[in-house]
Amino acid sequence: MSIPKRHPYDFDPTYGLGLKELRAIRPPPEVEGFDAFWQARYRKALAIDPSPSLTRSATRHPRWTIHDLSYTSTDGFRIGGWLLVPQHGNVRRGLVVGHGYGGRDQPDLDLPVEDTAILFPCFRGLSRSSRAPISSDPAWHVLHDIDKPDRYIIGGCVEDVWVAVTVLNTLFPGTKGRVGYSGISLGGGIGALAIPHDDRIDRGHLVVPTFGNRPLWLTLPTIGSARAVQAYGRTHPEVQQTLRFFDAASAATRITVPLLCAVARFDPAVAPPCQFSVANALPIKDCNEIFILDAGHFDYPGQAAQSSALMAKVGNLFGTP
């Protein structure tokens, strides 16, 4: 075990909790109307014609044909990203991969999957999907339209995932009902919100997911996006009610497909109690697995070995028929 003991922060990124205490955390009471709120957004996303556009990338790879890709999401927002198509074999599955608040400047080329088309969308306002007046700075992006629940940008990012599934199903009809989702940090929280409301997604992988247990998320010291929302909430207490509709732990109670959730015991950017709130909310079933990392958003001695072990499990999850 290599949980960091030395760090530069003025708070404890373990929050003084051991594994037993972290496993005991449960999601908060959910807000009334949670399902109706998301089902209405999902219906809106399903009605979108994404009109995907593909251009062969200048990047060459022995396993993948790489395309620069864009598609239209909800609110007419044009989403940019990449599409990887296997050079050998047939496309039998699809995979949507979400990114963290650092954005994405290239696709991952080493994912352990076969016969799979992989779509890497950039969430609205970030990286290839940047657009004024949305800031790409996480501290401002996470606040964009936070005073308007129906317009809050996090909801738009969830819709970007749903429309990405439509793109894969459109380009590769054989992927219908056979699309997975994988996301880290911001992408993990977005995935927790997206997966339970889209029955076209048949399995998921979330790594150090954010947005779990919002009442707790608003109170714990952090260097992550929660810090900006905490500052905003001190003068806008009504934000607490809005965020209850965007609670990844509440959403996770509704996930019924196989899911691999990797959570960290030490994390200065996404508080471990909030991560574990998501993992612990998953319905108890044999097909769900929680993978414990010593740390997230921080380098540590055992990181390479844990990452390798986790990647093997990712290959097993998304490699099965």
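These legends walk through an overall view and several close-ups of the predicted model shown above.

The model is predicted, so local features are included where pLDDT is at least 70 and side-chain atom pairs where pLDDT is 80 or more, while totals for chains, interfaces and linings use all residues. Residues are numbered from 1 along each chain as its sequence is written, and side-chain values use heavy atoms, leaving out hydrogens and water.

Figure 1. Helices (H or I, at least four residues) and strands (E, at least two) are DSSP runs, numbered from the N terminus. The C-alpha atoms fill a box of roughly 50 × 45 × 35 Å along the principal axes. Buried residues make up 59% of the 321; buried means under 20% relative accessible area, exposed over 50% and partly exposed in between, with a 1.4 Å probe and protein chains only.

**Figure 2. Strand E4 and its two parallel partners.** You will find E4 at residues 93-98, and six of its six residues are buried. Arg93, Leu95 and Val97 point one way, while Gly94, Val96 and Gly98 point the other way. In a regular strand, side chains alternate between the two faces of the sheet. Four bridges join E4 to strand E5 (residues 116-121), where Arg93 stands opposite Thr116. Five bridges link E4 with strand E6 (residues 179-184), and there Val96 has Tyr181 as its bridge partner. Strands pair if DSSP finds at least two bridges between them.

**Figure 3. Helix H7 among its neighbours.** Seven of the nine residues of H7 (residues 225-233) are buried, including Val229, Gln230 and Tyr232. The buried residues of H7 pack against helix H3 (138-141), helix H6 (214-217) and helix H8 (239-244). Contact means heavy atoms within 4.5 Å.

**Figure 4. Helix H10, largely enclosed by the rest of the structure.** Ten of the ten residues of H10 (residues 272-281) are buried. Among them are Pro272, Pro273, Cys274, Phe276 and Asn280.

**Figure 5. Gly188 in helix H5.** Look for Gly188 within residues 186-194, the span of H5. Gly188 is buried, with a relative accessible area of 0%. Not counting residues up to four places away in sequence, Gly188 touches Gly183, Leu206, Val207 and Pro209.

**Figure 6. Backbone details at Tyr15, Pro133 and Val208.** Tyr15, in the segment before helix H1 (19-23), has a positive phi of about 55° although it is not a glycine. The relative accessible area of Tyr15 is 17%, and this residue is buried. Val208 sits in the loop between strand E7 (201-207) and H6, and its phi is near 35°, a positive value in a residue other than glycine. At 3% relative accessibility, Val208 also counts as buried. A cis peptide bond joins Ala132 and Pro133, with omega about 5°; Pro133 lies in the loop between E5 and H3.
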